[in-house]
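Open the model in your viewer and keep the selection tool at hand. Each stop below says what to pick next and what to look for.

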Amino acid sequence: MAGSALALTMSGAPALADADQTQATNVEDVVVVGSRIRRDVYNSPSPVQVVTREDATLQGYASTAEVLQGTAITGGATQTDNSRAGFTVNGGAGVNTIGLRGMSPTRTLVLLNGRRVSPAGTRGSVGAADLNVLPSAMIERVEVLRDGASSVYGSDAVAGVINLQTRKNFEGLSVEATANVPMDADGAGMSSRLSIVGGLRGANWRLSGAADYFERNEMTLRDRDFTLCNRLMQRNPQTGASLDYIDPNTGKAKCFPTNGSGASINLIGTGTRTGVGAPGAVGTQFNRWRPNSAVDTGFVGWEGVGGTGVNLDVRDSFDDRMLNRSLISPTKTLNLYAEGGYGLNALGDAELYLETMYSRRESYQTGTRQFNPDYAVGSPLLPNSLSWSRYGADEGMSKGKDVAVKAFTLEQNTAHQTVDFQRHVVGLKGDITSLDGWRYDAYLSFARSDAEYRQPQYLKSRLSEALDVVVGPDGRFVCRELAKNPGCVAAPALSADLLKGKVPADFFAYVSPVHIGKTKYEETVLAAGFDGPLWTLPAGQVMAYFGAEYRHASLLDTPSEASRASDILNYTSAGITKGDDSVIEAFGEIDVPLLKDLPMIQDLNLTASYRYTDYDSYGDDTTYKLGLFWKTNDWLNFRASYGTSYRAPALYEQYVGDTSSFGNALLDPCNNFESKDAYIKANCASEGLAPGFTQKGSITVIQRGGAATGLSAETSSNLSLGAVFTPRLKQGWGDLAVAVDYYEIEVNNGVSRLGSANIMNDCYASTPDEFKARTGLCRLISRDPQTGHLRVIDSYVNIATDVVKGWDYNLRYRNDVGPGQVALNVAVSYTPTQEQMLFDDEPAINSAGDIGSPRYSGTADLAYSVDDWLVRWGTEWVGEMSGYERRKLDPATSIYNLRTPNYFLHHLSAQVRAHEWTATVGVRNVFNVNPPEISATSWYSVFGNAPLVSSYDFAGRTAFIKLSRTF
């Protein structure tokens with residue numbers, strides 16, 4: 001009954017709810033997300049969306065994480081999922097998180113049976129719930145509140161709340177098996193799930209639980225056609241003709257590493273010298289060379305591919321091993337869950353209840369990285385033909401000597417994560433016998449995430465020893481200081497094989513040991529609440545809820561010793577992240593029926609909630625929320641709410657250990673800036689850089705937690721206005737429901753880390769006057785006037801204002817057609833405003849419509865059921881997006897293609913029920929639609945040339961089947 005009641009107030013109704021139920025007039029009081037008060041949910045003042053277990057099955061989703069991250073819930077906004085392989089994300093690689101309204105996951109609260117799911121993950125930035133820990137086999141339905149509810153649930157419910165309800169009072173035994181198989185990838189990306197659910201009941205007790213095992217295979221860039229060749233995709237803005245460099249070996253546009261011109265590999269860097277250029281190179285002066293045995297003039301054995309006035313695209317910057325990189329990272333997850341209750345026949349007919357769950361995730365990602373050993377001046381590892389070279393000063397590998405030659409090569413590596421998560425709840429609920437209609441519920445919960453992350457890393461200290469060699473008695477190279485470093489293995493001599501990545505195994509094992517870091521997150525919650533009627537008004541009973549809650553959370557991340565000592569080559573160095581915080585909250589909620597059974601007012605209800613919050617870290621504040629539900633007649637309802645929130649920064653935002661990382665030198669916007677847009681050209685020239693400037697050193701990126709830099713708590717407000725139209729149609733015309741909701745969220749002092757690439761690109765794309773004045777993001781950048789070295793500060797900061805505005809449109813239609821019933825559900829989201837004002841004296845930047853943040857998105861599904869048979873057709877839509885506005889580029893003059901068209905996915909499924917069996921089969925992405933493509937730039941992460949947008953389908957046409965058997 002609760003599910004059907006929800007449907008009419010949803011911004012996305014269950015596709016298969018019984019038509020007779022949705023017309024019910026007597027609906028029991030239930031508690032749904034958005035309120036802690038038991039009520040008839042037809043009069044909810046907040047928009048709520050429900051996705052049932054049956055919905056998820058028919059849509060062919062492989063996991064609860066995919067359900068939550070689908071377009072129907074996220075509005076097409078990009079989420080952190082398994083396609084983020086190789087990218088640095090909060091919570092670490094392999095994590096799956098969700099953020100509503102295009103906001104960060106730390107502003108969306110995830111609940112399980114009304115109680116918060118604690119964060120889990122790896123590294124120092126753990127702060128959001130990892131959807132991998134959810135017990136998918138036990139989930140009955142998902143309730144999504146698209147409305148701020150901080151005064152009801154706590155500070156992190158800024159953008160909304162997601163509540164997952166488990167299968168209550170389950171009896172018997174159910175076995176389920178599912179498989180999702182991408183049809184064009186030879187088994188790559190295939191996922192499978194096996195689950196068992198069981199339940200028992202007695203006279204005064206209940207017990208149910210589930211075991212769920214999920215496994216997904218790796219999908220690499222090699223497994224999909226559209227990721228085989230990452231091109232620049234630049235074009236003449238007047239004629240549309242391609243400007244891409246044509247590889248003379250293939251006659252086609254040159255392939256590069258992910259994100260365009262990418263890493264330098266298969267070559268060396270030297271001092272500038274006259275030499276023979278490679279085919280396509282311009283000029284005679286070079287500082288980048290690739291080996292070529294056919295070259296017998298100039299610099300013998302090498303041909304120039306980089307230098308002043310040279311087209312760098314002629315470099316051999318693509319390696320076939322790059323296609324082994326994970327497109328979708330593989331994972332294995334085991335989830336165990338149990339819940340139960342025991343009636344005490346005392347304390348107000350109380351029930352002692354418990355929930356316990358355990359989850360283990362094992363995931364890994366295959367990646368590639370640049371290996372660039374420095375050969376010092378005079379090193380015997382260099383051929384005589386390079387004795388003249390002076391590349392630059394020591395960068396930590398040549399013991400103070402100048403570097404003669406830097407080698408650029410590629411190495412493939414794998415990162416592993418193991419996450420063990422547990423959560424235990426014990427509580428007592430019952431009636432307050434002295435107060436008629438009042439009930440109490442008190443519980444204690446404890447959650448803990450223990451994680452380990454492992455990855456081989458090059459040590460600068462070992463490289464400096466391995467590169468400092470002498471010729472031993474047997475004529476082979478040995479480490480000069482072998483006596484002090486008995487395990488030292490000499491580096492190989494510079495050679496063409498080395499540049500191709502052929503590194504001796506013993507040398508690799510010495511200089512690149514596996515590094516292990518460990519992350520622990522704990523959260524304890526003690527809460528109690530009381531709800532019941534206060535008094536009776538002419539329009540009905542006044543209902544109330546009063547409660548209090550104590551939470552304590554702690555985070556400890558311990559990176560490897562080498563990481564803490566900044567001894568890792570070209571990789572993040574990180575200190576220990578350690579911090580804890582506690583909060584005490586008292587809150588109340590009231591539901592007042594103001595008017596009833598009057599002309600144009602069948603019901604008028606006011607809801608109000610208030611919360612007092614006191615953090616150890618950031619002190620106290622209060623939040624509130626007011627809601628109004630107005631039922632004018634049988635076919636038209638209006639709803640409105642306005643609330644505030646107060647969010648202390650998450651533990652990682654406060655305490656993440658000081659981190660220095662090294663960005664790829666090729667991400668410097670001033671590299672070869674003469675070929676770029678006018679603003680970039682002018683700004684780089686104003687810093688005294690030469691037209692053919694090439695960044696030689698890695699870009700230094702400094703990150704630190706905000707507690708050390710005066711980070712403030714953020715506050716916000718959330719306005720929601722809506723109407724629900726349910727006209728009485730003529731007999732036989734069916735049932736129609738239409739809902740329209742407007743929302744507006746404004747966050748002040750929003751906590752964010754902007755990203756070094758965004759900081760650099762936005763700064764250098766600003767007007768010359770803005771750049772000269774060092775306003776906006778340019779405040780966070782400095783460049784050494786002597787060396788040109790770039791330094792970026794990318795710590796957690798308070799953004800002045802963050803505003804999101806939009807509309808949700810929903811339609812549901814049902815009718816009897818022939819021997820069965822047809823059901824149509826359509827949902828469209830329109831988000832015209834996603835503004836950030838970085839500083840009080842700066843104009844707002846609207847990223848709505850930017851790639852990754854669509855203005856329009858929608859879903860539709862059409863189902864027809866006859867007896868035990870059902871067929872469904874579903875469609876997902878992500879609107880067109882453009883990067884021109886955000887990057888201040890004119891599409892009429894820009895050489896880049898930064899526009900994605902409307903994107904549609906179609907899905908087909910069928911289901912049959914027979915006795916205790918249920919079988920569901922179908923195909924996702926029926927027409928095998930590939931993601932759209934854009935030009936490769938440093939502004940957007942891409943796979944192939946497809947932007948990394950989670951609502952795009954990277955797996956391609958996928959067949960799925962689910963079989964279930966109940967006993």
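Select Arg360. In this predicted model, Arg360 has a relative accessibility of 30% and counts as partly exposed. Side chains of opposite charge can pair when their charged atoms come close.

**Next: a buried pair**

Pick Arg141 and Glu143. Are these two buried or exposed? Both Arg141 and Glu143 are buried. Their side chains meet in a salt bridge, 2.7 Å from N to O.

**Next: a bridge between loops**

Select Asp320, then Arg222. Their side chains meet in a salt bridge, N to O 3.1 Å. Where does each partner lie? Asp320 sits in the loop between strand E12 (302-306) and strand E13 (326-328). Arg222 sits in the loop between strand E9 (219-220) and strand E10 (267-274). The pair therefore ties together parts that are 98 residues apart in sequence. Asp320 is partly exposed, at 45% relative accessible area. Arg222 is partly exposed, at 34%.

**Next: a network**

Select Lys399, Glu465, Asp468, Arg480, Glu481 and Lys484 together. Salt bridges link these residues in a network. How many salt bridges are there by this rule? The count comes to 51.

**Next: a lysine in a strand**

Go to strand E26, residues 619-631, and pick Lys625 within it. Is Lys625 buried or exposed? Its relative accessible area is 8%, so Lys625 is buried; the cut-off for buried is under 20%. Show Ser46 next. The side chain of Lys625 makes a polar contact with the side chain of Ser46, at 3.5 Å. Now show the contacts of Lys625, leaving out residues up to four places away in sequence. Lys625 touches Ser46, Asp147, Gly148, Ala149 and Ser151, among others. Its contacts also include Thr607, Ala608 and Ser609. Ser641, Tyr642 and Gly643 are on the list as well.

**Next: the disulfides**

Colour the cysteines. The model has 4 disulfides by this rule. With the bonded cysteines numbered in sequence order, the pairing is 1-2, 3-4, 5-6, 7-8.

Start with Cys229 and Cys255. Their sulfur atoms are 2.0 Å apart, and the two form a disulfide. Why is this disulfide left-handed? The torsion about its S-S bond is about -110 degrees, so the link of Cys229 and Cys255 is left-handed. Both Cys229 and Cys255 lie in the loop between E9 and E10, 26 residues apart.

Move to Cys479 and Cys488. These two form a disulfide, with sulfur atoms 2.0 Å apart. The torsion about the S-S bond is -80 degrees, and the link is left-handed. Cys479 counts as buried at 4% relative accessibility. Cys488 is buried too, at 10% relative accessible area.

Then pick Cys763 and Cys778. A disulfide joins them, S to S 2.2 Å. Is this disulfide left-handed or right-handed? Its torsion is about 110 degrees, so the disulfide of Cys763 and Cys778 is right-handed. Cys763 lies in helix H13 (residues 756-764). Cys778 lies in the loop between helix H14 (768-773) and strand E32 (781-783). The pair therefore ties together parts that are 15 residues apart in sequence. Cys763 is buried, with a relative accessible area of 1%. Cys778 is buried, with 2%.

**Last stop: the cavities**

The structure holds 14 cavities of 30 Å³ or more. Which residues are closest to its centre? Select Tyr61, Glu66, Asp81, Arg216 and Ser950: of the 43 residues that line the largest cavity, these are the closest to its centre.

Now colour the lining of the largest cavity by element. Helix H4 (64-69) gives the most, with 4 residues. Other elements that each supply at least two residues include strand E6 (172-182), strand E7 (191-201) and strand E8 (205-216). Strand E14 (331-343) and strand E41 (903-914) also supply at least two residues each.

How values were computed: Residues numbered from 1 in each chain as written. Predicted model: local features only at pLDDT ≥ 70, side-chain atom pairs only at ≥ 80, totals over all residues. Heavy atoms only, no water. Salt bridge = Lys/Arg side-chain N within 4 Å of Asp/Glu carboxyl O. Buried < 20%, exposed > 50% of the residue type's maximum accessible area, 1.4 Å probe, protein only. Polar contact = N/O pair within 3.5 Å; in protein donor to acceptor, adjacent residues only side chain to side chain. Contact = heavy atoms within 4.5 Å. Disulfide = S-S within 2.5 Å. 1 Å grid on protein atoms, 1.4 Å probe; cavity = no way out; pocket = protein on both sides within 12 Å on 5 of 7 lines; lining within 4 Å. Points joined across faces, edges and corners; volume = space filled by probe spheres on them.
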